[in-house]
Amino acid sequence: MIIYKTKDYDDMSRKAANIISAQIILKPDCVLGLATGSTPIGLYSQLAEWHHMGALDFSQVTTVNLDEYKGLTKENPQSYYYFMNENLFQKVNIDKNRTFLPDGTEPDSEKACRQYNEILSSVGTVDIQLLGLGHNGHIGFNEPGTFFQAETHCVSLTEQTIKANQRFFASEEEVPREAYTMGIKTIMSARHILLVVSGEDKAEIVKKAFFGPITPQVPASVLQLHNHVTLVADEAALSQV
Ligand code: F6R
């Protein structure tokens, strides 16, 4: 694992955006695995800015997102599709037909997951998979106790994740209780994994996940077994290591 310690959130965002940008320049038709959440917002905004300046061309890029809430439509401002559109897709020249997320509107979980696995196989190996880190060590919506061999599946959100995500909703009751997520096996099949982490509140889990034992209780700890992981984290997030 390569670790880049950055001064702060902005520095983290710029460094991570540089890594993604280099990937797009080296392989214009690359497949990017993307994440939502608050951590990648700065890096998406940096990528959009470079695109605006004429320095970055997304026209041949394909994207696959980690996860989507079950039951939310693309038009719902809390859906991950909406988030991606707001923060990246509509700001760059990506072909929307090449942007994929699990279908949150498909009520049949088995069907939704099967369809997403088919999409993932058809786009080919993910060149860079971007990940954020949950306070309990989750990656995607793979919560503690996750099965390392899982592909796309439907999960029930833990109370901790519901509480953490509540800030995006009007009330806790509105946070969906289920989500479709790429599994650990899917995530681990990416060529390169880029993890972004910021803030002191993540310091403890950073230590546990990357400097502690590999265990399904800390899903991100599995990344210690991947041969190409880049962690870009600010000083605060690395303050316990
Ligand atoms: C988002 C995702 C989640 C987040 C994680 C960290 O698509 O899959 O695993 O990456 O919850 O979220 P933030 O960045 O908001 O702390």
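**Pocket and salt bridges in a predicted model**

Guide: The largest pocket has a volume of about 640 Å³. This is a predicted model, in which local features need pLDDT of at least 70 and side-chain atom pairs count only at pLDDT 80 or more, while totals for chains, interfaces and linings use all residues. Residues are numbered from 1 along each chain as its sequence is written, and side-chain values use heavy atoms, with hydrogens and water left out.

Visitor: What makes a set of points a pocket, and what is its volume?

Guide: On a 1 Å grid over the protein atoms alone, a pocket is an open set with protein on both sides within 12 Å along at least five of seven lines, whereas a cavity is a set where a 1.4 Å probe fits but cannot get out. Grid points are joined across faces, edges and corners, and the volume is the space filled by probe spheres set on the points.

Visitor: Why is the contact of Asp11 with Arg14 called a salt bridge?

Guide: The term requires a side-chain nitrogen of Lys or Arg within 4 Å of a carboxyl oxygen of Asp or Glu. Asp11 and Arg14 are 3.7 Å apart, N to O, so the pair meets the rule. Both lie in helix 1 (residues 9-26), three residues apart.

Visitor: What makes the pair Asp11 and Lys15 a salt bridge?

Guide: Their N to O distance is 3.4 Å, and therefore falls within the limit. Asp11 and Lys15 are four residues apart in helix 1, about one helical turn.

Visitor: Why is Glu106 called buried, and what is its salt bridge partner?

Guide: Glu106 has a relative accessible area of 13%, so it is buried. Glu106 forms a salt bridge with Lys111, the closest N and O atoms being 3.7 Å apart. Separately, salt bridges that share partners join Asp11, Arg14 and Lys15 into one network.

Methods. 1 Å grid on protein atoms, 1.4 Å probe; cavity = no way out; pocket = protein on both sides within 12 Å on 5 of 7 lines; lining within 4 Å. Helix = DSSP H or I, 4+ residues; strand = E, 2+ residues; numbered from the N terminus. Buried < 20%, exposed > 50% of the residue type's maximum accessible area, 1.4 Å probe, protein only.
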